[in-house]
Amino acid sequence: MSQRKRVTRTLLEKFNCVPVFVASDLRRKYLDGFCKHQLWPLFHYMLPIIPDYGERFDRSLWQAYVTVNVMFANTVTEVINSEEDYVWVHDYHLMALPTFIRRRFFKVKLGFFLHTPFPASDIYMTLPVREEILRGLLNADLIGFQTFDYARHFLSCCSRMLGIHFKTQRGYIGLDYFGRTVGIKILPVGIHMGRLMDTLGYSETQAKIDELKTQYKDKVIILGVDDLDIFQGISLKLLAMEQLLKENSKWRGKLVMVQIANPTSTQEVIEIQDEIRASVMHINAEFGTEEYKPVVLIEQQVSHIERTAYYTVSDCCIVTAVRDGLNLIPYEYTVCRHGSGSGLGVSGADSKQSTLIISEFIGCSPSLSGAIRVNPWNIDDVSGAMHMALTMPDTEKEMRHEKHYKYVSTHDIAHWVRSFMGDLKNGTKSHSERRCWGIGLGFRFRIVALDAGFRKLSLEHITSAYRRTKNRLILLDYDGTMVPCNSIDKTPTLEVISLLNALCADSSNLVFIVSGRSRDVLHDWFAPCKRLGLSAEHGFFNRWQQDQEWTSSMCISDFDWKEVVYPVLQCYTESTDGSSIEAKETALVWHYQDADPDFGSWQARELRVHLERILANKPAVVKSGHCIVEVKPQGVSKGTVAEELLLSQVKAGNPPDFLLCIGDDRSDEDMFESIATAVKGFPEASLADVFACTVGQKPSKAKYYLEDTVEVLKMLHEFSMPSLLQEDHEWRNHGVFSCSKLC
Ligand SMILES: O=P(O)(O)OC[C@H]1O[C@H](O[C@H]2O[C@H](CO)[C@@H](O)[C@H](O)[C@H]2O)[C@H](O)[C@@H](O)[C@@H]1O
């Protein structure tokens, strides 16, 4: 039997595992190349400015990364029961895997957990395949991070690079990604309590503990356990030890730092090793004697039993990593110090106590609130922390220990798995009922998931309804519906004007632009559209066609609230670079489209709360829209306009047999809602065909959606075809638009 077969069989029989075999050349490129030399340093916040420290981007290594991720996807495909099983992908080695799995199983229940840090967005954004990786992760249903900071960085990347913003609900964070909610989970990994307790109980462990107690009799031990890599900050720790001995002679001859440095395979190891060895020699020469070595450096792999014994006898454990995601050393130390009985340590303390000094930059730092947290770069700070830990009263050591032990023992690995899986199960509960289909090529692949009642508006369906009906009401939002939100020039294009004119030319149509824009702007923009109805400032002003007057059904004259609101908006504008105020006749709008996206949303949230507080007793409301916060009179909404237009037709005994209402933003949701209510309220109106349609896929009160403004125009073009052929020769003769351009 070949070695591969033997390994496969053993893994299956003993661990219920299926391996993925990666040939050595591919593995070198994938693991040593892309994972270790490109992703790993970058995810630890290191830019490859000097090629020796972090390799420059090499596309062939990325290709190897993708190949191996595909191999994992193939193996998963072979073993999975996609309807029942949950798939949980781990760590930065497999960030493209969710895309490949999702491609094959649209409804698979898929989680991902990142064990490393996730860097700040300005670091992450330097990665040439930044979007591919983000989109890969977003194909999971739940993405886990060790700390809030890492999650915050990821969310910031999604908002800056993909324009996807998170929402929070009842303590949970989620990102809307094409109809799916991708959950964000923040939970540091725990330790395996059972395994550690077993090791503590072994007689070999006790023998080693006894041996160490004899070896370090009457000494105080401060312990460091680190991998030998550039981020562990061992040299910084040694500098702090040197300073402590220099400034506090009482520790000379008494304090020993045992530093276990697990060998690793990175290129930089030799350089770090030389520095550490030189530092240890220097401290030992300066402060040591024949019998006393202040620093004991252990540079070989230490067994689990030995490490457990070292933890047990050490008075303090210190981690000074400059960046580290998953670091379980402080947790293991705490549990070993709790031990199974008395007689801990070599310095005579019998009670359960421990002291921890930990870097602010490691994943478990936020969860260990009783630890002395340090900035490892500040040598004074670290040496001061060592002194504090060693001189702390026993009662305080006990209290801090108790606090940590309670946390570590209840937040163990089993708790971590339960909690993650619980959220994954909850978040994927309705997967089977949803209608899903895949779109996008390569890494742009994603699933579009829709609730049972929500569907894409079929061009064929609506066009056939349009053709067979004779009395149509068409309500069109403007920004984000007729022109893309991100276009600089929002003036209607000739194509839009032409389409609107073609629709208005049909006497069976009543067409209205229902917008938040001011009446002056709408008047100027739509000057070529004589028969187009305009509804400005969310329906405050309405004009049925160009030769008629603007009217308002609102009897509102109290705009005093503007005097209170304006100074507040000014304040936010001054403090938010790129933001501006728009003063309309009836409303005030704070725009932040040109501000930093994160800061803008952050300020907008704050502004809303601020405004809602000061407007509590005023006749005005605060509404959010695409990059805007708007204050407008109470009772003014696009919903009211839609209802009024519909009602006026019903009252005239002319109820529409075709109703299309389309818009992209939150203000348009009011239209969808009031149409749904109105239709139910007028059964006599016999509205045969009602099409409430949102632009872009998102939770909506509309029943239908179209992807973008291009699809909206394409649909209007279909409607206007007969009119165009008959009546609008002028545009066609001037070649303003052609069929091929629109289709
Ligand atoms: O409710 P709508 O009809 O969609 O109108 C909402 C607002 O539209 C305008 O703002 C939009 O365009 C701005 C300039 O391009 C852009 O900065 C903003 O993000 C968009 O929302 C208008 O200026 C507002 O008064 C309307 O309320």
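Visitor: How many helices and strands does the protein chain have?
Guide: There are 26 helices and 26 strands in the protein chain. Keep in mind that this is a predicted model.

Visitor: OK, and what size of box do the C-alpha atoms fill?
Guide: Taken along the principal axes, the box is roughly 105 × 70 × 45 Å.

Visitor: What share of the residues is buried?
Guide: Of the 743 residues in the protein chain, 53% are buried.

Visitor: Why is H18 said to be largely enclosed?
Guide: Because ten of its twelve residues are buried, H18 is largely enclosed by the rest of the structure.

Visitor: Which residues are those?
Guide: The buried residues of H18 are Glu495, Val496, Ile497, Ser498, Leu499, Leu500, Asn501, Ala502, Leu503 and Cys504.

Visitor: Switching topic: how many residues surround the ligand, and which are the closest?
Guide: The ligand is surrounded by 18 residues, and the closest are Lys490, Glu582, His626, Glu630 and Ser667.

Visitor: How do those residues around the ligand split by class?
Guide: The shell has eight charged, seven polar and three nonpolar residues.

Visitor: Which side chains have an N or O atom by an oxygen atom of the ligand?
Guide: Among them is glutamate 630, with an N or O atom of its side chain 2.7 Å from a ligand oxygen. For histidine 538 that distance is 2.9 Å, and for histidine 591 it is 3.1 Å.

Visitor: And how much of the ligand does the protein bury?
Guide: The protein buries 91% of the 550 Å² that the ligand exposes when taken alone.

Visitor: Which elements give two or more residues to that shell?
Guide: Those are strand S21 (588-591) and strand S23 (628-633).

Visitor: Now the sheets. What order do the eight strands of the open sheet follow?
Guide: The order is S15-S26-S25-S24-S16-S17-S18-S19, and the pairing is mixed.

Visitor: Which strands sit at the edges?
Guide: Strand S15 (455-456) and strand S19 (541-543) are the edge strands, and each pairs on one side only.

Visitor: What about S16 and S17: parallel or antiparallel?
Guide: Strand S16 (residues 472-476) and strand S17 (residues 509-514) run parallel, and five bridges join them.

Visitor: Which residue in S17 stands opposite leucine 475?
Guide: That's phenylalanine 512.

Definitions and conventions:
Residues are numbered from 1 along each chain as its sequence is written. This is a predicted model: local features need pLDDT of at least 70, side-chain atom pairs count only at pLDDT 80 or more; totals for chains, interfaces and linings use all residues. Side-chain values use heavy atoms; hydrogens and water are left out. Buried means under 20% relative accessible area, exposed over 50%, partly exposed in between (1.4 Å probe, protein chains only). Helices (H or I, at least four residues) and strands (E, at least two) are DSSP runs, numbered from the N terminus. A residue is near a molecule or strand if one of its heavy atoms lies within 4 Å of it. A polar contact is a pair of N or O atoms within 3.5 Å; within protein, one must be able to donate a hydrogen and the other to accept it, and residues adjacent in sequence count only if both atoms are side-chain atoms. Accessible areas come from the Shrake-Rupley method with a 1.4 Å probe; for residues, only the protein chains shown count as cover. Ala, Val, Leu, Ile, Met, Phe, Trp, Tyr, Cys and Pro count as nonpolar, Asp, Glu, Lys and Arg as charged, and the others, Gly among them, as polar. Two strands pair if DSSP finds at least two bridges between them.
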